[in-house]
Amino acid sequence: MMPGLEEQRTLESGYVTLDDLRRHGNIPPDEVLESRAVPIFDCIEEIPCTPCRDACPTGAVIMPTMNDKPRVNWEACTGCTLCAQACPGLAITIVNIPFGKKVLKDPAKALVSVPYEILPIPKKGERVALYDRGHRYLGEGEVFSVIRSHKYGTVLINVIVPKEIALEVKFVEVIRDE
Amino acid sequence: MLKFDRGRPIVINFNGKPVKAFETETVAAALYASGVIKFGYSAERHRPRGPFCMIGKCSQCLMRVNGYPHVRTCITPVEDGMVVEYEEGHDAELPLPTKEMLVKREDLEYDAAIIGAGPAGLSAALEASGMGARVLVMDQSPVPGGQLVKQTHKFFGTKETFAGMRGFEIAKMLTDKLRDRENVDVMPSTQVIGYFRREGSLAAFRTDGLGKYTLLRIRAKSIIVATGAMERSLVFPGNDLPGVMGAGAAQTLMNVFGIRPADEPLIIGAGNVGVIVAYQAVQAGIKVKAVIDIAKKSAAYLVHSSKIRRMGIPILMRHTIREAYGKGRVEGATIYKVDDNFHPIKGSEVDIEVDGVWLAVGLTPSIEVLELMEAGIKFVPELGGYVPLRHRNLETTVPGVFVAGDASCIEEASTAMMEGRVAGIAAAMKAGLGGDEHVKRMKEAIKWLDEFRSSPHYRRIREGLFKVTLEGGAS
């Protein structure tokens with residue numbers, strides 16, 4: 001923030017908090033979070049927009065009319081990431097907490113898929129700075145893999161992050177050596 | 001994320017000096033790319049001026065080109081060896097061309113003539129031509145697509161309006177489809193300048209090259225006005241400095257031509273346009289200092305504003321600009337905070353170093369052609385200003401003349417496309433084409449528009465439309 005200006009951490013200025021998302025039912029219960037990959041929709045307004053619903057292969061994104069907020073049927077969701085690739089608002093991250101234990105053999109870690117549209121695209125193995133919804137620095141992560149979707153055009157960066165901040169991570173930036 | 005095919009490098013001459021350009025650029029873009037941001041001087045006080053809109057609607061980029069005065073450099077393609085000069089002292093009388101102009105004449109006849117090749121006009125052309133109508137689509141720009149061509153973000157909306165596709169991809173898809181149809185003529189670099197009421201025909205001129213024009217008389221059974229809108233300015237000292245421009249103009253330079261209009265701009269207006277342009281600026285490698293807005297709450301979709309918040313671009317609500325300053329170009333701006341009644345809060349002024357001020361403070365419908373036609377017009381702030389009265393099928397008070405897109409109401413590209421569909425079907429029907437299935441298709445499109453506008457985001461639009469929608473027409 002520039003000197004003399006105070007940062008506004010308000011919904012009115014586009015800053016959404018985890019509490020806002022919880023209130024809107026966009027954060028799944030702990031047992032779901034612990035058991036599989038789930039999409040976190042930073043989408044709590046009634047706007048005419050349906051690509052996430054249209055992309056979902058299992059009908060897990062519930063949206064009766066185009067203006068309804070997306071609701072996820074956690075039981076039907078397979079964590080396939082297509083909604084995150086399709087979302088024009090880059091509003092969806094996929095949080096995969098069991099990935100730490102199952103794949104990385106490190107239960108303190110989780111995998112977060114972050115939609116990304118800035119060049120250069122981070123590469124596998126690169127260290128990245130992790131930021132929250134208001135660009136607050138959260139720590140470092142590592143790019144595990146990159147999903148490039150020809151159909152939807154938005155790249156997903158799969159990042160290994162400390163499990164306790166998995167729900168907070170919303171943006172990454174490659175750390176470049178000076 | 002974009003690839004630019006600039007084409008062959010060429011050289012133009014600017015005020016006696018050679019300037020490198022690429023053949024796909026406009027004169028204004030080529031000059032901007034080479035660092036020229038001063039496009040002329042004001043007549044009385046000799047203040048430097050720079051382009052504001054970049055889409056042929058303001059008059060800030062006029063220059064003398066190859067001896068022809070008052071050329072809109074932003075919509076004039078560069079040619080090798082072109083001679084571009086400042087115009088001096090054109091306050092008293094119109095400058096005369098130093099060369100003779102060639103003017104040909106042509107008479108044309110169509111079922112539907114569409115003015116504007118943006119999302120509304122192109123969609124209307126697809127619908128009407130699909131019903132068998134002979135269609136002409138005109139646009140003053142050398143490239144069809146309207147403002148879709150600079151929209152690099154994925155669109156919201158539904159499948160019907162190609163949600164998930166990026167705007168420039170939609171423009172390409174629509175123009176490709178039209179190109180394949182024998183009953184459609186797309187005519188770029190063509191501007192409508194008159195309307196003959198008795199015979200219902202249009203007068204237009206097509207620029208076939210500098211100094212070469214074709215004067216057209218176009219008879220059509222129906223006319224669709226899809227002329228879009230123009231960006232608004234804001235009143236503050238220094239708002240005429242080069243570097244102050246519409247956010248859409250910055251978007252044109254970045255996304256159409258791959259030029260960075262500034263390195264550290266300030267954006268005024270945190271609606272969808274302001275925050276989307278801020279996002280695209282980051283994609284272009286530009287550091288946006290802040291997006292400020294005098295309102296309490298950002299009018300943008302939360303998903304759009306959150307996108308730039310997480311990248312670290314501040315959105316400062318209840319802030320506005322005091323002035324922009326600098327020697328010959330923007331070098332800084334003073335912003336301040338306002339209270340609940342929009343009065344300045346004492347001591348809240350902050351000077352920030354910026355090299356651009358981009359205005360995203362709304363748009364005004366371009367309704368000049370409808371005014372020429374003496375269509376019923378009403379001032380409706382909710383819809384962006386003066387807009388035409390219209391029936392549900394988008395026919396104005398002039399029989400056979402329809403309106404669609406931002407010229408009817410400042411809204412979204414998605415709604416412009418769907419309005420284009422409605423107007424296109426209605427215009428073809430007016431020309432005696434179509435059947436029951438087309439009535440059905442039009443009703444579906446109207447229903448889609450109603451549903452889209454039922455979002456709490458579009459309450460003001462709904463209220464505005466209530467004031468200008470007439471009884472009758474398809475419902």
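Guide: A residue counts as buried if 20 or more other C-beta atoms lie within 10 Å of its own, as exposed if 12 or fewer do, and as partly exposed in between, with C-beta atoms placed from the backbone. The model is predicted: local features need pLDDT of at least 70 and side-chain atom pairs pLDDT 80 or more, while totals for chains, interfaces and linings use all residues. Residues are numbered from 1 along each chain as its sequence is written, with chains lettered from A and ligands numbered from 1 in the order written.

Visitor: Which residues of helix α10 of chain B are called buried?

Guide: In α10(B), residues 459-468, they are Ile461(B), Gly464(B), Leu465(B) and Val468(B). Helices (H or I, at least four residues) and strands (E, at least two) are DSSP runs, numbered from the N terminus.

Visitor: What puts these residues on the same side of α10(B)?

Guide: They cover an arc of only 100° around the axis, so they share one side of α10(B). The arc is that of the directions from the helix axis to the C-beta atoms. An α-helix has 3.6 residues a turn, so residues three or four places apart point the same way.

Visitor: What does the face of α10(B) turned away from its buried side carry?

Guide: That face has the exposed residues Arg459(B), Glu463(B) and Phe466(B).

Visitor: What do the buried residues of α10(B) pack against?

Guide: Their partners are two elements of chain B, β24 (377-380) and β25 (385-388). Residues are in contact if their C-beta atoms, placed from the backbone, lie within 7 Å.

Visitor: Why is chain A called as compact as a globular protein of its length?

Guide: Chain A has five helices and nine strands, in the order α-α-β-α-β-β-α-β-α-β-β-β-β-β. Its radius of gyration is 16 Å, close to the 16 Å that the globule rule gives for 178 residues, so chain A is as compact as a globular protein of that length. The radius is taken over C-alpha atoms, and the rule is 2.2 Å times the number of residues to the power 0.38. Of those 178 residues, 46% are buried.
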